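Look at the structure below before reading on.

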Amino acid sequence: MKKDHPFGTQAHMHTADMEEKKFNETSRKHYMKGGDGPDSYSRNSEFQKQVLTSAEDLIHQQIDEHLNIQNSRFDPQNTFRIADFGCSIGPNTFYAVENIISAVKNKYEKSNQNQTPDFQVFFNDLIENDFNTLFRNLPSNRTYLVAAAPGSFYDRLFPKKSINFAHCSMALHWVSRIPKEVTERGNNGKIHYLGGEKEVKEPYAAQYEEDFGRFLTARGDELVDGGLMALLAFGFAEGDVYSLSGAGMVFEMLGSCLEDMAKLGKFTKEKVDSFNLPFYFPSESELKALIEATGLFCIEKIAKMASPMSHKPDLKGFTSSLKAVLGVLIEDHFGNGVVEELFGRLLEKVLESPILSDEKYWKDTNYFVFLKRNGVN
């Protein structure tokens with residue numbers, strides 16, 4: 001607190017504390033189903049794995065082109081530090097990290113370096129994430145040292161200029177909280193902004209702008225000058241009609257399943273009306289504008305990657321993945337014992353829909369974004 005604000009200091013600090021408490025309470029359930037069981041994220045994340053696979057060559061190309069090992073920050077005598085933000089519980093995070101390390105090693109070897117650096121990997125996710133399962137399943141033949149970095153990636157998690165490479169895959173569509181404009185005015189029975197009114201979409205977009213800005217600012221502090229960052233973001237192409245997308249239709253069906261269960265007395269209609277999915281799916285122009293607004297990064301590449309569902313929709317796999325992703329959040333809101341029935345009902349509706357088996361309705365686009373921290377080249 002600045003000394004030239006003698007009035008209102010205590011009230012300001014109280015407000016800040018309340019805001020931080022609200023942030024923590026609303027985001028604390030944004031983590032995946034833990035463990036190794038049949039419903040766990042580790043066994044229901046093939047959709048996310050396919051996105052990583054499709055980005056594999058892009059990662060190698062961009063690291064080869066933009067990693068400047070002449071920069072003293074990348075001297076092989078120094079430890080090369082990688083952070084994976086939103087790592088969940090594996091195994092996808094291990095795949096991503098090993099691909100990055102492989103590309104970095106190739107760069108050093110191509111440059112006739114006599115040695116490659118030691119690698120240290122920080123796995124980040126919310127404190128409630130199942131880190132026990134993550135570390136229990138670490139690859140036995142790994143060539144890197146490991147550490148956990150629990151906490152929200154919308155905050156700074158590492159010392160300034162301490163990370164060489166940052167990575168985040170399929171996690172940035174989570175907003176930290178439902179916009180208060182939506183919780184106060186309601187969402188007309190919907191559980192998401194897709195296909196909804198402008199008065200709902202705009203607050204979601206504003207919340208995403210705030211959150212993504214915080215993410216970029218934090219990473220800007222943590223990355224060394226010339227440090228690199230790869231983001232794999234779930235979004236929509238410009239001009240897509242959200243309500244006609246596969247994801248939008250599935251969310252509509254999920255909402256109708258909740259309404260059906262409320263009519264059966266499983267929980268109240270008020271519970272349904274107060275539930276909103278904490279997702280926002282940006283367009284390419286939104287991503288570019290928000291990144292450029294920080295002035296912290298050079299955008300080296302933005303590329304569209306087709307959704308895995310756009311080739312051969314696996315509706316059962318998609319529903320199982322959604323269950324692993326949303327199960328904890330839904331149980332926290334609606335209570336124990338509802339998740340199995342809810343997603344059983346959802347699967348029935350999804351499989352009965354002739355539209356969702358049509359590839360053209362899976363319009364969602366995954367974006368590959370590769371950034372370089374401004375500063376020393």
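How exposed is K349? K349 is partly exposed, with a relative accessible area of 27%; partly exposed is the range between buried (under 20% relative accessible area) and exposed (over 50%), found with a 1.4 Å probe on protein chains only. The model is a predicted one, in which local features need pLDDT of at least 70 and side-chain atom pairs count only at pLDDT 80 or more, while totals for chains, interfaces and linings use all residues. Residues are numbered from 1 along each chain as its sequence is written, and side-chain values use heavy atoms, with hydrogens and water left out.

Confidence comes next. pLDDT is the predictor's confidence in each residue, from 0 to 100. The chain has a mean pLDDT of 85, and 81% of its residues reach 70 or more. Over residues 1-28, pLDDT stays under 50, and the model has 18 contacts beyond four places in sequence for this stretch; a contact means heavy atoms within 4.5 Å. Where pLDDT is low, predicted coordinates should not be read in detail.

Now to the salt bridges. The structure holds 11 of them, each being a side-chain nitrogen of Lys or Arg within 4 Å of a carboxyl oxygen of Asp or Glu. K349 takes part in one with D260, where the closest N and O atoms are 3.1 Å apart. This pair links distant parts of the chain, since K349 is in helix α12 (residues 339-352) and D260 in helix α8, 89 residues apart. Helices (H or I, at least four residues) and strands (E, at least two) are DSSP runs, numbered from the N terminus. D260 is also partly exposed, at a relative accessible area of 26%.

Helix α8 (residues 246-263) also holds E252. The side chain of E252 meets that of K190 in a salt bridge (3.0 Å, N to O). K190 sits in the loop between α6 (180-185) and α7, and the two residues are 62 residues apart. E252 counts as partly exposed at 40% relative accessibility, and K190 is partly exposed with a relative accessible area of 24%.

A further salt bridge joins D155 and R214, whose closest N and O atoms are 2.6 Å apart. D155 lies in the loop between β3 (145-148) and β4 (163-169), and R214 in helix α7 (residues 198-222), so the pair ties together parts that are 59 residues apart in sequence. Both are partly exposed: D155 has a relative accessible area of 26% and R214 one of 22%.

Is E222 buried or exposed? At 1% relative accessibility, E222 counts as buried. Leaving aside neighbours within four places in sequence, E222 is in contact with residues including F85, D155, R156 and I163.

What about empty space inside? Rolling a probe the size of a water molecule over the atoms shows where such space is left. A cavity is a set of points, on a 1 Å grid over the protein atoms alone, where a 1.4 Å probe fits but cannot get out; lining residues have an atom within 4 Å of a point. Among the residues lining the second largest cavity are L52, Y95, H167 and L232. Helix α4 (residues 92-110) gives the largest share of this lining, four residues.

Terms used
1 Å grid on protein atoms, 1.4 Å probe; cavity = no way out; pocket = protein on both sides within 12 Å on 5 of 7 lines; lining within 4 Å.
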